[in-house]
Amino acid sequence: MEERNIGKKMSCQQFIANLDHLNDGQDFAKDLLKALYNSIKNEKLEWAIDEDELRKSLSELVDDKFGTGTKKVTRILDGGNPFLDVPQALSATTYKHGVLTRKTHADMDGKRTPRGRRGWKKFYAVLKGTILYLQKDEYRPDKALSEGDLKNAIRVHHALATRASDYSKKSNVLKLKTADWRVFLFQAPSKEEMLSWILRINLVAAIFSAPAFPAAVSSMKKFCRPLLPSCTTRLCQEEQLRSHENKLRQVAAELAEHQCRPVERGHKSKEAEESRLKEHYLTFEKSRYETYIHLLAEKIKVGSDDLERIEARLAPLEGDDPSLRKTHSSPALSQGHGTVTGSKATKDTTGPET
């Protein structure tokens with residue numbers, strides 16, 4: 001079987017260092033680790049399945065998940081990671097649609113978007129299931145999306161929408177930060193529409209985002225964010241709320257512990273940069289889970305899936321205009337996802353100034 005291109009290979013010393021303190025807090029015997037390293041080096045580990053089989057299996061998995069009892073599902077497979085491809089599930093519920101003007105501020109992992117790709121572009125936005133589709137043409141429920149529309153789509157699982165309070169060049173701008181740390185700015189036609197988009201994106205994310213995977217165990221000092229699954233949670237809303245509360249306690253405790261060991265301000269070592277990145281991540285996660293808990297708890301108190309009623313309750317609590325303008329799309333949150341109040345959700349696809 002052909003050897004995969006994995007870039008620079010790990011040295012024996014790196015292999016040993018990566019396993020520091022993982023033997024119940026102690027180190028493994030170096031002779032044992034050297035023997036293990038040489039064994040792997042001499043007898044290369046074989047892949048259990050080739051790429052064609054993997055792609056076929058993934059395709060069948062998605063077809064099984066979205067094809068039975070639903071309308072046609074299409075995906076873009078452009079040779080990239082099939083787990084990141086955005087599906088088009090025509091049967092998913094539309095929670096909101098309307099005109100938004102988008103500015104891409106940061107690419108994956110928060111890397112600043114090149115200047116040539118930061119311009120404002122107007123789209124007809126459709127929040128359908130846990131995906132925000134950005135269409136060039138006006139929304140029609142029976143119309144399939146083009147390949148270009150799918151490429152512009154944004155997954156909102158584990159995302160957080162907020163007012164772009166640090167952007168003053170335009171009014172009514174919201175900031176959306178996704179699970180892979182891309183950042184977008186969206187200008188809405190009015191303050192009411194901006195608030196409605198923020199609430200609905202965050203509420204959908206709070207209700208349907210599956211619990212995060214545990215963080216990887218490693219002795220390496222480099223900080224890595226844990227993976228955030230794009231699939232729909234299997235928890236009912238009360239269980240989902242408890243899951244968010246548990247995660248908030250965990251993140252808050254980790255942030256407090258991290259802040260007890262501050263790195264000298266202005267220090268430019270790699271360790272200092274990793275420390276700052278971790279604190280930024282934990283602070284954002286704390287804010288995200290606080291938002292999810294607030295919205296989901298209030299939604300459960302309302303005792304309804306109607307988004308108009310939820311908005312009417314939340315607006316005065318936030319000190320905003322309680323008479324949020326009615327929008328074109330006001331479905332019950334249970335539509336297209338199974339009943340979500342007291343039951344499992346089973347049907348769904350998954351800025352600063354410049």
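Mentor: Helices (H or I, at least four residues) and strands (E, at least two) are DSSP runs, numbered from the N terminus. This is a predicted model, where local features need pLDDT of at least 70, side-chain atom pairs count only at pLDDT 80 or more, and totals for chains, interfaces and linings use all residues. Residues are numbered from 1 along each chain as its sequence is written, and side-chain values use heavy atoms, with hydrogens and water left out.

Trainee: OK, how many helices and strands in the protein?

Mentor: Eight helices and nine strands.

Trainee: Where's Trp-181?

Mentor: Trp-181 is in the loop between strand 8 (173-177) and strand 9 (183-187). Its phi is near 65°, positive even though Trp-181 isn't glycine.

Trainee: And is Trp-181 buried or exposed?

Mentor: Buried, with a relative accessible area of 6%. Buried means under 20% relative accessible area, with a 1.4 Å probe and protein chains only.

Trainee: Which other residue has a positive phi?

Mentor: Asp-109, also near 65°. Asp-109 lies in the loop between strand 3 (94-106) and strand 4 (121-128).

Trainee: Switching topic: what lines the second largest cavity?

Mentor: Trp-181 again, and the lining also includes His-158, Tyr-281 and Arg-288. A cavity here is a set of points on a 1 Å grid over the protein atoms alone where a 1.4 Å probe fits but cannot get out, and lining residues have an atom within 4 Å of a point.

Trainee: How does the lining divide up?

Mentor: Six nonpolar, two polar and three charged. Ala, Val, Leu, Ile, Met, Phe, Trp, Tyr, Cys and Pro count as nonpolar, Asp, Glu, Lys and Arg as charged, and the others, Gly among them, as polar.

Key. Buried < 20%, exposed > 50% of the residue type's maximum accessible area, 1.4 Å probe, protein only. 1 Å grid on protein atoms, 1.4 Å probe; cavity = no way out; pocket = protein on both sides within 12 Å on 5 of 7 lines; lining within 4 Å.
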